[in-house]
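Dear colleague,

I am passing on the structure below, and my notes on its helix packing and its nonpolar cores follow it.

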Amino acid sequence: MTKHIPVLLEETMEGLYLKKGDVVIDATLGGGGHTREILRRILPGGREIAIDADAEALGRMRESAQSDEPLAQALADRSLTLVQGNYSSLGRILEQEDVGPCDAILADLGFSSDQIEAAERGFSFLRSGPLDMRLDRSTPLTAEKIVNTFSPEEISRILRDYGDERESWRIAQAITASRAIRPITTTDELRDIIEKAYPKGRRHRMKIHPATRTFQALRIAVNQEFEHLAAFLAAAMERLKPGGRLAVIAFHSGEDALVKRFFKEKTRGCICPPAFPICRCGRKPAVNILTKKPIIPTERERLANPRARSAKLRIIGKL
């Protein structure tokens, strides 16, 4: 097991303004760093529901409780409940767990070190493994299926829309040519195809590996991350009590833009046409944006945890 470092931990906890007795949802358990800190701040008297689509993440948390008495006690008395499921199903999960309005909800959209470092999961091009990339291994779509069966046009669209990859069409063509010879089944095979496809002039000027954006885009497509995020945000708003706070940590520009748009939309009041003399829609702002600009990691945190470098934290309070 690798050491997972929770991103923007203090900033997130301060922004959620947690108190003893609060009911809190950690919608993305991951490595459990935020989960543990939330629990410390709401006990005694509080309750936390920690959700993850990855059964292995839940298993690691239960395993760590064997040597952590406070964590074991929280699980035993249901101060902490672990639930396997996608955070987009937040409403259904909370109904099943008989949880009412919540004081705070957190979603950290990053991947834990354990997930990234596990070669068999296929998330990283730095380790040879199968082209899987599924968070929930019961779902049918894998990265291998995308690269071997999707049209070059569809592969290019995925790389462009989800990875901001400027060489999306060149890479898609290289993938199509390679799979015509034999199926692409491993992370290092795909990495090598991308490296050879990339223009040498651009490759030497890049600060990141040429395969970075392609692997990110495939992961997002496999797990339908944008679709699930949109559903989660809507469900979280429904489940927050007035005065409750929602915090989201995004690592991808597309995810952050989606969160920013959603939060801004919820601040809108009247949407009647300007010609109306009085408001007829009755719409009022639903939230206050508590982070006018996203909170980003300090230089010290980025040096200690390079994976935190692209993190952006946004927080709203429900009116």
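Helices H10 and H12 are oblique to each other, a word kept for angles that are not under 35 degrees (roughly parallel), over 145 (roughly antiparallel) or 65 to 115 (roughly perpendicular). H10 (residues 187–197) and H12 (residues 212–223) pack at about 130°, with axes 10 Å apart; helices are DSSP runs of H or I, at least four residues, numbered from the N terminus, and axes are lines fitted to C-alpha atoms over the stretch in contact, with angles from 0 to 180 degrees between N-to-C directions. Thr187, Leu190, Arg191 and Ile194 in H10 meet Thr214, Phe215 and Leu218 in H12, where contact means heavy atoms within 4.5 Å.

This is a predicted model, in which local features need pLDDT of at least 70 and side-chain atom pairs pLDDT 80 or more, while totals for chains, interfaces and linings use all residues. Residues are numbered from 1 along each chain as its sequence is written, and side-chain values use heavy atoms, leaving out hydrogens and water.

Leu190 also belongs to the largest nonpolar core, of 61 residues, and is among the six members that touch the most others, together with Leu90, Ile105, Phe232, Leu233 and Leu246. Such a core is a set of buried Ala, Val, Leu, Ile, Met, Phe, Trp, Tyr and Cys residues joined through side-chain atoms within 4.5 Å, buried meaning under 20% relative accessible area with a 1.4 Å probe, protein chains only. Helix H13 (residues 225–239) gives the most to this core, with seven residues.

Beyond four places in sequence, Leu90 contacts Ile25, Ile51, Ile105, Phe232, Ala235 and Ala236.

Best regards

Key: Buried < 20%, exposed > 50% of the residue type's maximum accessible area, 1.4 Å probe, protein only. Helix = DSSP H or I, 4+ residues; strand = E, 2+ residues; numbered from the N terminus.
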